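Subject: The structure we talked about

Hi there,

Here is the structure I promised to send over.

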Amino acid sequence: MGTTIVFAIVYKNRVYIGHVGDSRLYRIRGHLIRQLTKDHSYVQALLKEGTITKLEAENHPQKNILLKVVGCEESVEPDVIVKGFIKDDVLLMCSDGLTNMVPDQEIYDTIVNGRE
């Protein structure tokens, strides 16, 4: 059994992101929430291939199958991406425990309303 991880370093006007599994990083900028990471899951692979739609992915019976995790192999290479970062951006790092239960718009509303 393995686990997932997401991490980020903000330096100047960039955010350096690494992740393995289906833990996610979102960026809230203005009126938009955007998932910056892509899950390492069977369902994400089906989405990428065009085999299923985003709506089908939300309730897919195999959405918990991960293709890349920490702890099952001797080593694992995280995906690393670099994105722009500006002063008022908000970063949210979370597990699928949140994103499987709460829609993106509700996450956005909660964070934005909590900052006011």
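Below is what I found in it.

First, some ground rules. This is a predicted model, in which local features need pLDDT of at least 70 and side-chain atom pairs count only at pLDDT 80 or more, while totals for chains, interfaces and linings use all residues. Residues are numbered from 1 along each chain as its sequence is written, and side-chain values use heavy atoms, with hydrogens and water left out.

**Overall layout**

The protein has 4 helices and 6 strands (DSSP runs, H or I of at least four residues for helices and E of at least two for strands, numbered from the N terminus). Starting at the N terminus, their order is β-β-β-β-α-α-β-β-α-α. The C-alpha trace spans about 40 × 30 × 25 Å along its principal axes. Buried residues (under 20% relative accessible area, with a 1.4 Å probe and protein chains only) make up 31% of the 116 in the protein. Taking contacts (heavy atoms within 4.5 Å) between residues at least 6 apart in sequence, 55% join residues at least 24 apart.

**The cores**

In soluble globular proteins, nonpolar side chains tend to be buried together. I looked for nonpolar cores here, meaning sets of buried Ala, Val, Leu, Ile, Met, Phe, Trp, Tyr and Cys residues joined through side-chain atoms within 4.5 Å. The largest one has 9 residues: Tyr26, Ile28, Ile33, Val90, Leu92, Cys94, Ile107, Tyr108 and Ile111. At least two residues of this core come from each of β3 (24–29), β6 (90–94) and α4 (104–115). Another core, of 6 residues, lies apart from it and includes Val6, Val15, Ile17 and Phe85.

Cys94, a member of the largest core, has contacts with Val6, Ser23, Arg24, Tyr26 and Thr99, leaving aside neighbours within four places in sequence.

**A loop residue to look at**

Is Thr37 buried or exposed? Thr37 sits in the loop between β4 (32–35) and α1 (42–49), and it counts as buried because its relative accessible area is 2%. With neighbours within four places in sequence set aside, Thr37 is in contact with Val6, Ile17, His19, Ser23, Arg24 and Leu25. Asp22 is 15 residues from Thr37 in sequence, and their C-alpha atoms are 8.6 Å apart.

Happy to chat about any of this.

Best wishes

Key: Buried < 20%, exposed > 50% of the residue type's maximum accessible area, 1.4 Å probe, protein only.
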